[in-house]
Amino acid sequence: MALMTAKEYIESLRKLNTRVYMFGKKIENWVDDPMIRPSINCVAMTYALAQDPKYADLMTVKSSLTGHTINRFTHLHQSTEDLINKVKMQRLLGQKTASCFQRCVGMDSFNAVFSTTFETDEAHGTHYHENFKKFLTMVQDNDLTVDGAMTDPKGDRSKAPHDQADPDMYVHVVERRPDGIVVCGAKCHQTGSVNSHWHIFMPTISMSEADKDWAVSFACPTDAEGMYMIYGRQSCDTRKLEGCSIDVGNAKFGGQEALVVLDHVFIPNEYIFLNGECEFAGMMVERFAGYHRQSYGGCKVGVGDVVIGAAALAAEYNGVEKASAVKDKLIEMTHLNETLYSCGIACSCEGCPTKAGNYQIDLLLANVCKQNVTRFPYEIVRLAEDIAGGLMVTLPSQKDFESDTVVGNNGETISEICNKYFAAHEGVSTEDRQRVMRFLENMCLGAAAVGYRTESMHGAGSPQAQRIMIARQGNIQGKKQFAKDVAGIKD
Ligand SMILES: Cc1cc2nc3c(=O)[nH]c(=O)nc-3n(C[C@H](O)[C@H](O)[C@H](O)COP(=O)(O)OP(=O)(O)OC[C@H]3O[C@@H](n4cnc5c(N)ncnc54)[C@H](O)[C@@H]3O)c2cc1C
């Protein structure tokens, strides 16, 4: 089948019976809902760019399973070049949307589940790898968007799944039948969940024998019986309902997260990828997290490019772009952003084949990449706020800039007063100044800060999760030996 156009993708969502709840009620036409639509536009961009001949080499690729041309977001990486192209594609999407475009979690789960099912089958004689290949072929041929669902609610973080007061704190099997399993539980913070055709569920932590019923992975259509989503709020999100697109900051695009609930959902055998083989839960988590930590060396960098550009525009509009201190801040922002990109590229260049044949990133470097991502975007927005000045948080509304209400003794309207006092560098319209200030507000502390700041901190695992991996991969013993050899210390 052909690749979907952006329009076809949006229309395909209407055909699903996805159950979405927001502000305490069911949303029937969620595709056109003004709170949700920017996040759909964002995923649609992954389809639109794949149709553009200018980006065909980056956005499309030959499937290793069928030989068909597919969207790279559904691809199994076949080389280090593929891994590098993945990062470049993500940077491009970040530049075009300045938002989280949501389709990476699915791509990262495909690559993690493909290799983990291969090794699980090798150890247990199961048939998960064939199940997964059939599922992915369907995804590739129909150009579907898939949510990678890993993070469970986790209840008391000090307790294992089987020790929780409520067993639903981690997704688990409640019934095993000859034709499949019945599952219960939920996944939190699910990026692009509502906008996906299917979901892949994976465990969120390593598990022991006692957690067997929680060591489960499977695919499930987004509108499966028993499955529903409760939409996550974002800072300043109701600005989308005010009819003032400038005040939204980025009215076209946005991210999306939701709580996904599985209430006794039946999963047929053919969609099961792990079912009790608890020692492989950790491998799936580690591999997914590795790919996802690489991803942030692309997507956050693309968004960072737009933030840096907006800060430079704010400086230009304010008339300070030639000041050496401003130039230096833009250099620092660029240095930080390109350092993240270097990490994304480096962990891709150092990738290697898995037993199943697809390529995985260098785990140590991917974890270093994400550890930097937990810090540098925060410094980049600090510098952007410094350059922008206070107006990014104190500017009157778009409605004031458009108001005919008379306020001045000489009959001046609110609009005239705003345009008078918020004029800056000659030749720059106050509307452009409003736009750039509101955009920066959105990126630094509005709805888009979810994707640029807090997602940088916790998405793909909180900072400590990377430090644990860095400790494991860092080879301190080997480094001690280097020191002994050079210093002449004998054992
Ligand atoms: C914007 C956004 C998008 C996301 N998208 C997705 C997605 O698409 N799919 C998905 O599966 N997940 C997604 N996530 C989830 C993300 O992976 C988690 O937020 C992350 O793993 C942290 O989990 P948590 O939020 O439950 O925080 P917590 O686990 O509660 O962590 C909070 C703090 O407690 C510490 N902590 C936690 N447990 C322990 C412990 N046992 N001992 C000591 N310290 C501990 C952590 O290190 C951290 O500092 C997303 C998150 C965000 C913010």
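How far apart are the end C-alpha atoms of helix α11, and what span should its 13 residues have at 1.5 Å a residue? I looked this up in a predicted model.

**Helix α11.** The helix runs over residues 376-388, and I find its end C-alpha atoms 18 Å apart. At 1.5 Å a residue the 13 residues should span 18 Å, so the two values agree. I then listed the buried residues of α11: F376, P377, I380, V381, L383, A384, I387 and A388. Looking down the axis of α11, I see these buried residues within an arc of 160 degrees, so they line one face of the helix. An α-helix has 3.6 residues a turn, so residues three or four places apart point the same way. I also looked for what covers the buried residues of α11; the cover includes α8 (281-318), α9 (324-349), α10 (363-373), α12 (391-394), α15 (430-445) and α16 (449-458). Just after the helix, G389 has a positive phi of about 85 degrees.

**Helix α6.** I repeated the length check on α6, residues 128-142. Its 15 residues should span 21 Å at 1.5 Å a residue, and the end C-alpha atoms are 21 Å apart, which agrees. The buried residues of α6 are Y128, H129, N131, F132, F135, L136, V139, Q140 and D141. Their cover includes helix α5 (104-124). Among the other elements in that cover I noted β4 (69-71), β5 (146-149), β8 (198-201), β9 (216-221) and β12 (272-275). Just after α6, D143 takes a positive phi of about 55 degrees.

**Positive phi in loops.** Most residues other than glycine have a negative phi. I noted C236, which is not a glycine and has a positive phi near 60 degrees. C236 sits in the loop between β10 (227-231) and α7 (245-248), and is partly exposed at 38% relative accessible area. A460 also is not a glycine, and its phi is positive at about 60 degrees. I place A460 in the loop between α16 and α17 (463-473). Is A460 buried or exposed? Its relative accessibility is 14%, under the 20% limit, so A460 counts as buried.

**Salt bridges.** My search of the whole structure gave 26 salt bridges. One of them pairs R72 with D82, the closest N and O atoms being 3.2 Å apart. R72 is in the loop between β4 and α4 (80-97) and D82 is in helix α4, so the pair ties together parts 10 residues apart in sequence. R72 is buried at 2% relative accessible area, and D82 is buried at 10%.

K355 and E122 meet in a salt bridge of 2.9 Å, N to O. This pair links distant parts of the chain, 233 residues apart: K355 is in the loop between β13 (352-353) and β14 (359-360), and E122 is in helix α5. K355 counts as exposed at 54% relative accessibility.

E455 pairs with K300, with closest N and O atoms 2.8 Å apart. E455 belongs to α16 and K300 to α8, 155 residues apart. Both E455 and K300 are buried. I also found E11, R14, D32 and R37 joined into one network by salt bridges that share partners.

**Surface.** I noted a nonpolar patch of about 210 Å² made by Y21, I230 and L259. Y21 is in strand β1 (residues 20-22) and is partly exposed, with a relative accessible area of 30%. G427, in the loop between α14 (414-421) and α15, is exposed at 80%.

Key: Residues numbered from 1 in each chain as written. Predicted model: local features only at pLDDT ≥ 70, side-chain atom pairs only at ≥ 80, totals over all residues. Heavy atoms only, no water. Helix = DSSP H or I, 4+ residues; strand = E, 2+ residues; numbered from the N terminus. Expected span 1.5 Å × (residues − 1). Buried < 20%, exposed > 50% of the residue type's maximum accessible area, 1.4 Å probe, protein only. Arc of directions from axis to C-beta. Contact = heavy atoms within 4.5 Å. Patch = residues over 30% accessible without salt bridge, like charges linked within 9 Å, V, L, I, M, F, W, Y side chains within 5 Å. Areas by Shrake-Rupley, 256 points an atom, 1.4 Å probe, with all protein chains shown as cover. Salt bridge = Lys/Arg side-chain N within 4 Å of Asp/Glu carboxyl O.
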